[in-house]
Amino acid sequence: MTSISNTSFARRLVVKGMMAGALLAAAISLPAQASVDVSGYKFEDTAKVAGKDLKLNGAGMRTKLIIKVYAAGLYLPEKKTATADIMKLEGPRRVTLQMARDISSEDFGKAFMDGLNENVDKAEKQKIVAQIGKMGELFASVDALKKGDVLHLDWIPGTGTQAELNGKKLGDPIPDINFYNAILRIWLGDKPVDRSLKPALLGEAK
């Protein structure tokens, strides 16, 4: 009886071990959970751009007065907390905007230009005037951005700045890293469009 009992006990241990192993394997195979929830808008830990896995540097909400405009997330090859360091990074980068309200392409384009004007001096802006014009054409090709829309602004080395709305590319890539860095200054410059959003994107917000 003792040997039979021991055999039964051993089998139960084996079964339990197999079940534990299966549960562990299932857990490992599950997709990564969103690392940040910004008022219901979720940003994943990583994003793949140009075949590279980028890390979520930070995320936050852009508000105007008390109105939520969009949730923004910044993805980089490695985490940085200083704007100057981000501008020097090699490899792809991404800004993701998840719209929290409807906004016309005209209003969005105006906000874009206002942000550039506040953070890029005239001499630098003159060097990228052609790229700014192309971005304006991209905005004009979309009637409006709707609540729930997802806009990616990617820097792809060797290709340029690529805008993507709800998984669909908008226009052709716009070359010149200086242009993409100018775009980043809209949120990360000395006069950011939202002073509470900047530290959130830099991963400094508590």
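Modeller: Gladly! The expected span of a helix is 1.5 Å times one less than its number of residues, and helices (H or I, at least four residues) and strands (E, at least two) are DSSP runs, numbered from the N terminus. This is a predicted model, where local features need pLDDT of at least 70 and side-chain atom pairs count only at pLDDT 80 or more, while totals for chains, interfaces and linings use all residues. Residues are numbered from 1 along each chain as its sequence is written, and side-chain values use heavy atoms, leaving out hydrogens and water.

Colleague: How do you know that the span of α6 agrees with its twelve residues?

Modeller: Helix α6 (residues 177–188) should span 16 Å at 1.5 Å a residue, and its end C-alpha atoms are 16 Å apart, so the two agree.

Colleague: What makes α6 mostly covered?

Modeller: Buried means under 20% relative accessible area, with exposed over 50% and partly exposed in between (1.4 Å probe, protein chains only). Nine of the twelve residues in α6 are buried, including F179, Y180 and W187.

Colleague: Why are β3 and β11 said to stand at the edges?

Modeller: Two strands pair if DSSP finds at least two bridges between them. The open sheet has seven strands in the order β3-β4-β5-β6-β9-β10-β11, with antiparallel pairing. β3 (46–49) and β11 (168–174) each have a single partner strand, so one side of each lacks a neighbour in the sheet.

Colleague: What makes β4 and β5 a pair?

Modeller: Strand β4 (residues 52–64) and strand β5 (residues 67–76) share nine bridges in the antiparallel sense, and I67 in β5 is the bridge partner of K64.
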